[in-house]
Amino acid sequence: TSDEIEDAFSLQEILEWGTLPRVVTEANPDNRRDFLNSYVSTYLEQEIIAEQVLRNVHAFKDFLQIAAQCNGTPINYSKIARDINVDDKTVRTYFEILEDTLLGFTLRPWHGSVRKRQTESPKFYLFDTGVKRAIEKSLRVPIQPGSSLFGNVFEHRVILEAHWANLYKKLDYTYSFIRTKDGAETDLIMERPGESTLLIEIKSTRQVDVSDGKQLVNFAKDWPTPCEAQVWSLDLSEKAFGGFSSLHWREGMRRAGLR
């Protein structure tokens with residue numbers, strides 16, 4: 001995690017290379033790239049092929065690339081199945097394999113009913129941004145601050161940090177997200193036992209303004225339980241707007257009990 005890296009922490013490097021210990025302690029980009037590519041290859045050969053978990057290894061390799069490309073978006077099982085020429089059930093099994101082997105986790109869509117929460121399309125997140133980039137063969141693609149790619153990888157990283165902290169601290173927080181049919185979305189719903197629910201929008205901007213929390217305010221107005229709407233970003237200044245607050249993402253983590 002960022003806290004464990006301490007003085008060696010560099011957001012740009014973490015987004016590009018991830019935080020596997022071997023990567024963090026290796027300064028040479030070529031060596032980092034070689035290690036991450038070998039890591040992916042070793043996983044496929046030793047964990048999947050050698051254990052004979054799969055019958056169709058080629059389909060799984062194709063699936064793995066698509067899973068990396070779809071990281072952080074609601075899973076379309078049918079489309080993925082068509083792309084790799086298998087059935088929907090097989091695709092669901094592949095995602096289960098990734099979770100069982102700790103290569104990633106799902107984030108369920110929020111709903112007041114736990115039963116319904118299990119039936120709608122979740123998002124899937126690979127456990128490391130560097131591994132994700134190695135799988136999709138994009139390690140040589142620069143992540144430019146201010147770009148949409150930077151925003152996507154930053155959101156991925158923040159959700160990873162929140163996920164790990166919940167496990168490490170045994171907090172029993174429940175995480176989910178919201179995406180409505182008309183495209184309104186909140187990146188992270190954090191339900192905390194005995195405390196208010198956090199509705200969190202993750203933005204890579206260094207200057208949050210009122211427009212960044214517009215959707216949050218709309219969701220918060222109709223939320224069925226006590227909640228707080230927050231934007232977590234790279235803005236170092238704490239701000240209060242009508243209906244939501246803005247915090248640097250690491251400060252947001254601290255106040256949420258995750259640091």
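Biologist: Is Cys 70 buried, partly exposed or exposed in this model?

Modeller: The model is a predicted one. Buried means under 20% relative accessible area and exposed means over 50%. The relative accessibility of Cys 70 is 31%, so Cys 70 counts as partly exposed.

Biologist: What is the relative accessible area of Cys 227, and how many disulfides are counted?

Modeller: Cys 227 is likewise partly exposed, with a relative accessible area of 24%. A disulfide requires a pair of cysteine sulfur atoms within 2.5 Å. By this rule, the number of disulfides is zero.

Biologist: Which residues of helix α5 are buried?

Modeller: Helix α5 covers residues 57–69, and its 13 residues reach 19 Å from the first C-alpha to the last, close to the expected 18 Å. In an α-helix, residues three or four places apart point the same way, because there are 3.6 residues a turn. The buried residues of α5 are Val 57, Ala 59, Phe 60, Phe 63, Leu 64, Ile 66, Ala 67 and Ala 68.

Biologist: Which strands form the edges of the open sheet of eight strands?

Modeller: The sheet has mixed pairing, in the order β2-β1-β3-β4-β5-β6-β8-β7. An edge strand pairs on one side only. The edge strands are therefore β2 (123–126) and β7 (239–241).

Biologist: Which residue in β8 stands opposite Phe 241?

Modeller: Strand β7 runs antiparallel to β8 (residues 244–248), and three bridges join them. The residue in β8 opposite Phe 241 is Phe 244.

Biologist: At what angle to β1 does helix α7 run?

Modeller: Helix α7 (residues 88–100) lies across β1 (104–109) and β2. Its angle to β1 is about 120°.

How values were computed
Residues numbered from 1 in each chain as written. Predicted model: local features only at pLDDT ≥ 70, side-chain atom pairs only at ≥ 80, totals over all residues. Heavy atoms only, no water. Buried < 20%, exposed > 50% of the residue type's maximum accessible area, 1.4 Å probe, protein only. Helix = DSSP H or I, 4+ residues; strand = E, 2+ residues; numbered from the N terminus. Expected span 1.5 Å × (residues − 1). Pairing = 2+ DSSP bridges. Contact = heavy atoms within 4.5 Å. Axes fitted to C-alpha atoms, helices over the stretch in contact; angles between N-to-C directions.
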